[in-house]
Amino acid sequence: MEDESAIDRLISVYSTKVRHQSDLTVGPLHGAMLPGFDSESDGTSDFESIVEDLSSDEEVGEGTEDSENDTDNESAAMESNDEDNEDHLALPDTSDEEFSDAEGDNDVQTDLSDAEDDDSETEDESEIDEVEEARKRAFFAPEEEAQVDDLPQSFVTMNLSRPILKGLSQVGFSQPTPIQSQAIPLALLGKDICGGAVTGSGKTAAFVVPILERLLYRPRQVAATRVLVLCPTRELAIQCHSVAVKLGAFTDIQFCLCVGGLKIASQEAVLRQRPDVVIATPGRLIDHIHNSRSFTLEDLEILVMDEADRMLEDGFKAELTEIVKHCPKSRQTMLFSATMTDNIDELIRLSLNRPALVQIDSAKKTAKKLTQEFVRIRDSREGDRPAILLALCRKVCKSKCIIFFRSKLAVKEMNIMFTILGLRSAALHGDLSQIQRLAALELFRDGQVDFLLATDVAARGLDIKNVESVINFNMPLNYAQYLHRVGRTARAGRIGRAITLAGEADRKILRLAIKNSSQSKVKHRVLQPTTVEKYRERIGKIRDRVKDVMDNDKIDEKITVAEMQLRKTENMLKHRDDIMARPAKTWFQSSAQKQENQSWANKEYNAKFSAKAQQALKKAKKSEKLSRRKARQGSEEDHKAQQQAMGSIRAAKKAKRPKRLTKLSETNPAPTKRPRTQGDKLNVGFTEDLTNPTKKGAGKPRMAAKKSMSNVKLQNKAKGKGKGKR
Ligand SMILES: Nc1ncnc2c1ncn2[C@@H]1O[C@H](COP(=O)(O)OP(=O)(O)OP(=O)(O)O)[C@@H](O)[C@H]1O
């Protein structure tokens, strides 16, 4: 059982911190500091800066020497090197040549096969795109409706009430960020909103402020829960709750936090009072809907989903459908995320009413002041990840660093390694109790540990001031998750650095990262083989100790579970009559069902890491789109006739097409294969991915069309049509 008072203490410490940190915030977030204010770059400067960075990286790295001596006292050895000012661990890797030739060939093959695919599929895909675009136009509110004529430059000009203005000033927000300027006025009008802006750009206040303002005018005769905010993780819900409490400090609005891991009885007691705002994680909320007498969502006026794209994912599907079922249809719904989806099929489930799309930044952008670095991990070197991570933590990211892992086991193992080697770290993952999770966050927030080792449970939304760097031990599942992870740094206009250990299978996300990096820099970090070797040896020496600790931890975990079971049984024996007299609890999902769902989601998650599975997924999605289109096209016969017509249109189009420039002729012979030279090497594989973000997209008409569309949008913007909106 959790010690509830300890948890409350942690939450209240946490809340104080949020206020304190906000006070320390750079004050007003001036437009130039935050993404979204500046006009977008055309990409040329990105490319140049990448090339510059690569060359300067290598120059700086030359000659940096790691002079560590191996000692038995690992921590002392780690300490002794603190003075190394090795910002760039670059040295040409002499083993590159052998590998890159083979890889280069592979690359060419991959690209060619892709190109063939594209040729036959482009037309179908563009048709699908058109249909999707039309559906979007029908679903979202037209641009004019989603627009506010004169964007307010200050909170005062938003006509907010005094208590709200006082709350804003108390937390140090004097000027709205772009997402706040656009979303708050629309939300005050009661419109449904799909809001997107980069990580750390103030989305929380963008929905909290209008909620508070609207609640000031609620009828007070009968208490009712009018607002529900859903968050995907407990930590995020706790954070959102404290931001709301701070901003509403000068109002009489009542808040309730309902998350798993905290005592249900005290939450029930608060819910009985019908608080105005409930901030919750889905599982615990459903428990209350079913089992807390007198708690109801029938008076709900506003439903907010933070990290909405995550909430719409498969893992939350059943829970979300259940919650939405209990909310009145007439409510206002607001969705926010840095990677906000505009997938209509997902959004339709929420029965939105012509939502306004408030997209400040592309859903693919990182924060402007983020520097992204990638360390290449060759297939044959996968086992070097721990050594590389230690080298990075020892020499580059020495404090205020969050490290993301793919599994809980990896977090546990690395945390033990860090401790043995004298690096101050804390672990955050789903196997910990809520009190342990909050305590780990506290240790990191307070600077009592330098490294927070975490699974994706910490990837979204967490706002910890002054996180200097994020390291991805593994590339995450998808690009959206990458954006959220690296978004834990470089927040609210500050600088930050993300270093990702990128394996051969991660190139797709790598390319996306490079292509979408705005003015932030992208670098290829090269570590000296001798440095890696040194840490590898060190890890080898402590491996047995790590295993011993892991084994002991497993035994401890089993003891804890057994103790819990024992307490439960004792409790049952002591209070049997009382317990049996209570009404039986209703479970939305049995634990077996929940486990089944979870393991299905996990399987899907892991499967996505294999290239084959990704291809299959892509195909499945495409055929799903095609079958949807078919379904819309009416009867079978109509469909056939239409197919025939489309076929002849396609044939006619093909006949009209200009001949390919690459067509071989005597004057334009087929390129003969020649041995690679040193110069070529720079342009293949990983390095080329870093320097040529457009490689994969080159020759894809659909991409070109999209680019030209976005140019038109940019031109429209320049003409003053309104920023960042469709
Ligand atoms: N108007 C403002 N003035 C000054 N600071 C602000 C303002 N709005 C938000 N902030 C600060 O910016 C930081 C990021 O805000 P928030 O956590 O809401 O970002 P977010 O866009 O929700 O990020 P994520 O996508 O990662 O969830 C917070 O520390 C917050 O205190």
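Helices (H or I, at least four residues) and strands (E, at least two) are taken here as DSSP runs, numbered from the N terminus. This is a predicted model, where local features need pLDDT of at least 70, side-chain atom pairs count only at pLDDT 80 or more, and totals for chains, interfaces and linings use all residues. Residues are numbered from 1 along each chain as its sequence is written, and side-chain values use heavy atoms, with hydrogens and water left out.

Let's start with the sheet. Seven strands line up in the order E3-E4-E2-E5-E6-E1-E7, giving an open sheet with parallel pairing; two strands count as paired if DSSP finds at least two bridges between them. Strand E3 (255-258) and E7 sit at the edges with a single partner strand each, so one side of each has no neighbour in the sheet. From one strand to the next, the twist averages 15°, with axes being lines fitted to C-alpha atoms (for helices over the stretch in contact) and angles running from 0 to 180 degrees between N-to-C directions.

Now look at one pair: E2 (residues 227-230) and E5 (residues 302-306) run parallel and share 4 bridges. Leu-228 has Leu-303 as its bridge partner in E5.

On to the loops. Most residues other than glycine have a negative phi. Arg-274, though, has a positive phi near 55°, and you'll find Arg-274 in the loop between helix H9 (264-272) and strand E4 (277-280). Ser-351 has a positive phi too, near 40°, in the loop from helix H13 (344-348) to strand E7 (356-359).

How buried or exposed are they? Arg-274 is partly exposed at 28% relative accessible area, and Ser-351 is partly exposed at 32%; buried means under 20%, exposed over 50%, and partly exposed in between (1.4 Å probe, protein chains only).
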